[in-house]
Amino acid sequence: VGSLQEPLRSPARIAIAADGTVLVTDPFSNRIVRFDAAGASLGTWDVASGPIGVAVHPDGRVFVSLRDEPKVAIFDGNFLPLGFLGDGNPIVTFVRPTDIDIATDTGRIYVVDAGGDRVYGFAGNGDVATIFGVRGETAGSFQYPSAIAVDESSGRLAVADHDNYRIQLFSMAGLPRS
């Protein structure tokens with residue numbers, strides 16, 4: 001066991017691509033640091049708006065939530081910009097998206113919006129598949145949800161509900177589960 005030693009000022013989130021490449025967001029340095037599977041530095045990608053969440057789609061696209069804009073940027077495998085997730089869709093109203101995870105079996109993209117107290121699910125093509133969550137303390141509601149993980153083997157999502165001090169479990173469609 002080793003560590004990835006490229007100078008990191010504020011590592012926030014990690015994603016591992018199918019080829020083993022490790023991507024680390026460094027929001028206060030406005031970049032994503034890249035490592036190969038063995039931990040050797042592959043360089044950095046600049047992200048002026050401060051990258052927070054990062055996920056790699058099975059098709060190679062890279063999704064990055066932005067600290068300074070309420071958006072999730074989409075890049076190709078060479079980090080060329082492709083656009084923004086949900087751009088132009090009036091029901092996608094990100095406030096502060098902080099984390100992203102992707103179901104590799106379906107290609108569904110899940111975004112936790114900490115500032116909006118909700119979770120968005122998108123089909124692999126970017127169409128909205130589900131939106132769930134409101135501000136509150138009851139099951140299915142959130143207070144600053146900060147992270148999300150897809151558990152494909154159990155068909156569920158785990159959401160870190162930061163200010164309610166809990167992890168909530170949901171079906172892939174957003175229904176509360178145990």
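These legends go with a set of close-up views of a predicted model.

Residues are numbered from 1 along each chain as its sequence is written. Because the model is predicted, local features need pLDDT of at least 70 and side-chain atom pairs count only at pLDDT 80 or more, while totals for chains, interfaces and linings use all residues, and side-chain values use heavy atoms, with hydrogens and water left out.

View 1. Helices (H or I, at least four residues) and strands (E, at least two) are DSSP runs, numbered from the N terminus. The C-alpha trace spans about 45 × 40 × 30 Å along its principal axes. Of the 178 residues, 46% count as buried, meaning under 20% relative accessible area, with exposed being over 50% and partly exposed in between (1.4 Å probe, protein chains only).

**View 2. Strand β2 and its partners β1 and β3.** All set for β2 (residues 22–26): 5 of its 5 residues are buried. Val22, Val24 and Asp26 sit on one side, Leu23 and Thr25 on the other, and both faces are covered. β1 (residues 14–16) pairs with β2 in the antiparallel sense over 3 bridges, where pairing takes at least two DSSP bridges between two strands. Look for Ile14 opposite Val24, and for Gly20 in the 5-residue turn, with a positive phi of about 95 degrees. On to β3 (residues 31–35): 5 bridges join this strand to β2, again antiparallel, and Asp26 has Arg31 as its bridge partner. The hairpin of β2 and β3 has 4 residues between the strands, and Asn30 takes a positive phi near 55 degrees.

**View 3. Val47, in the loop between β4 (41–46) and β5 (51–56).** Val47 is buried, at a relative accessible area of 5%. Skip the neighbours within four places in sequence, and Val47 is in contact (heavy atoms within 4.5 Å) with Asn30, Arg31, Ile32, Leu66 and Phe79.

**View 4. Arg61, in the loop between β5 and β6 (62–66).** Arg61 is an arginine that counts as buried, at 17% relative accessible area. Its side chain makes a polar contact with the side chain of Asp59 (2.9 Å) and reaches the backbone oxygen of Gly124 at 2.7 Å. A polar contact here is a pair of N or O atoms within 3.5 Å; within protein, one must be able to donate a hydrogen and the other to accept it, and residues adjacent in sequence count only if both atoms are side-chain atoms. Leaving out residues up to four places away in sequence, Arg61 also touches Ala55, Val56, Ile74, Phe75, Leu82 and Gly124.

**View 5. The β14, β15 and β16 hairpins.** β14 (residues 156–161) and β15 (residues 166–171) pair antiparallel over 6 bridges. Asp161 has Arg166 as its bridge partner, and Tyr165 takes a positive phi near 55 degrees. From β15, 2 bridges lead antiparallel to β16 (residues 176–177), with Leu169 opposite Arg177.
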